[in-house]
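User: I'm new to this structure and would like a guided tour. Please start with the terms, then I'll ask my questions.

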Amino acid sequence: MSTEFLAIKEYSDLSQETIAERMQHYQPCIFRGLVNTWPMVELAKRSTHELLQHLVNHDSGMNVDAIMLRPEHLGRVFYNEALDGFNFIKNRLPLTKVLEQLFRYAQLPSSPSVAVQSALMSVCLPSLLADHAMPLVPQEIIPRIWVGNKITTPTHIDGSDNIACVVSGRRQFILFPPEQIANLYIGPLDFAPTPSPISMVNLRDPDLLRYPRFAEALKHAQTAILEPGDAIFIPNLWWHHVESLDQINILANYWWGGSNFSTENKTSPYGLLMQALLGFKDLPPAQREAWGSIFQHYVFSSTHPASHLPERLHGVLQR
């Protein structure tokens with residue numbers, strides 16, 4: 001990609017207090033070397049083969065979700081050509097089987113793309129949890145592991161705050177602030193190859209004739225390439241594109257707070273968005289605009305909508 005992106009801010013003070021303070025600002029940030037002392041990272045820096053063998057030795061044997069893409073897709077997780085399905089196949093198998101595929105494919109000039117995405121370490125690698133702690137998040141938050149070759153997860157959002165830690169290989173993160181949503185050309189809200197909606201624009205080769213507003217989004221993009229031991233904080237609802245750059249890439253991440261993108265959770269913000277879309281879609285334009293004003297006043301206004309009333313009368317408007 002030839003576009004010059006802004007750099008995500010980096011911080012060298014890795015004290016727990018400083019990092020916790022930075023994560024209060026709703027801005028992404030990079031913490032170089034945050035997990036350098038993790039045993040997995042130390043192994044990765046010494047020998048990828050040793051790291052893979054270490055994971056095999058600790059594999060619980062439980063099945064995890066894995067995907068595979070044909071070589072011609074160049075690792076980009078996306079829809080199929082008809083947009084009625086996806087360009088990958090899913091399977092459930094032990095982590096060791098995926099590691100064996102990765103090692104074999106790494107010897108080939110062109111190979112399928114494979115990945116284990118978001119597998120709970122408590123399921124597949126429970127014996128490694130104690131040695132790979134993350135004191136910055138609540139103790140009950142269980143890390144997830146991502147293992148694959150050259151895989152690209154297109155621009156998407158998470159409903160939770162995220163600390164992602166690179167264990168092996170390099171990953172490029174490209175982030176867009178939430179307000180760029182109109183310029184990202186988001187795909188279907190209820191049918192996506194990832195748990196949340198994705199941008200339809202190929203960030204490697206954007207078609208600006210088809211998606212002209214994306215040029216404006218690019219002006220606000222921030223990026224960083226993370227090496228083993230580095231970590232990134234991604235605030236919830238920041239759009240992010242993640243690209244694995246090497247033949248074998250491993251990452252662990254922690255999600256906490258916020259809300260998920262399950263449409264079955266009717267009281268989550270995403271569930272409420274889906275209900276609002278269904279509830280207001282058939283109203284006349286003037287009524288839709290009027291409801292927009294009401295929502296802006298009561299839900300999204302920075303000033304208290306009931307400040308003119310005694311506090312005992314605030315009811316559901318209590319803050």
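Analyst: Two strands pair if DSSP finds at least two bridges between them. Strands (E, at least two residues) and helices (H or I, at least four) are DSSP runs, numbered from the N terminus. The model is predicted: local features need pLDDT of at least 70, side-chain atom pairs count only at pLDDT 80 or more, and totals for chains, interfaces and linings use all residues. Residues are numbered from 1 along each chain as its sequence is written, and side-chain values use heavy atoms, with hydrogens and water left out.

User: Which residue in β5 does I67 stand opposite?

Analyst: Strands β4 (residues 63-69) and β5 pair in the antiparallel sense, over seven bridges. Across from I67, the residue in β5 is K90.

User: Which strands stand at the edges of the sheet?

Analyst: The sheet is open, with nine strands in the order β2-β3-β12-β9-β14-β7-β6-β4-β5 and mixed pairing. A strand at the edge has a single partner, so one of its sides is left without a neighbour in the sheet. That describes β2 (10-11) and β5 (88-94).

User: What angle does the direction of α4 make with that of β5?

Analyst: Helix α4 packs on the sheet, touching β4, β5, β6 (113-120) and β7 (144-148); contact here means heavy atoms within 4.5 Å. Axes are lines fitted to C-alpha atoms, for helices over the stretch in contact, and angles between N-to-C directions run from 0 to 180 degrees. For α4 and β5 the angle is about 120 degrees.

User: Within what arc do the buried residues of α2 fall?

Analyst: Buried means under 20% relative accessible area, exposed over 50%, and partly exposed in between (1.4 Å probe, protein chains only). In α2 (residues 39-46) the buried ones are M40, V41, L43 and A44. They line one face of the helix, because the directions from its axis to their C-beta atoms fall within an arc of 160 degrees.

User: Which exposed residues sit on the face of α2 turned away from its buried side?

Analyst: The buried residues of α2 pack against α3 (48-58), α5 (121-124) and β9 (161-168). On the face turned away from them, the exposed residues are K45 and R46.

User: How many residues apart in sequence are the parts that R32 and E10 tie together?

Analyst: These two side chains meet in a salt bridge (2.8 Å, N to O), meaning a side-chain nitrogen of Lys or Arg within 4 Å of a carboxyl oxygen of Asp or Glu. R32 lies in the loop between β3 (29-31) and α2, while E10 is in β2, so the pair connects parts whose separation is 22 residues.
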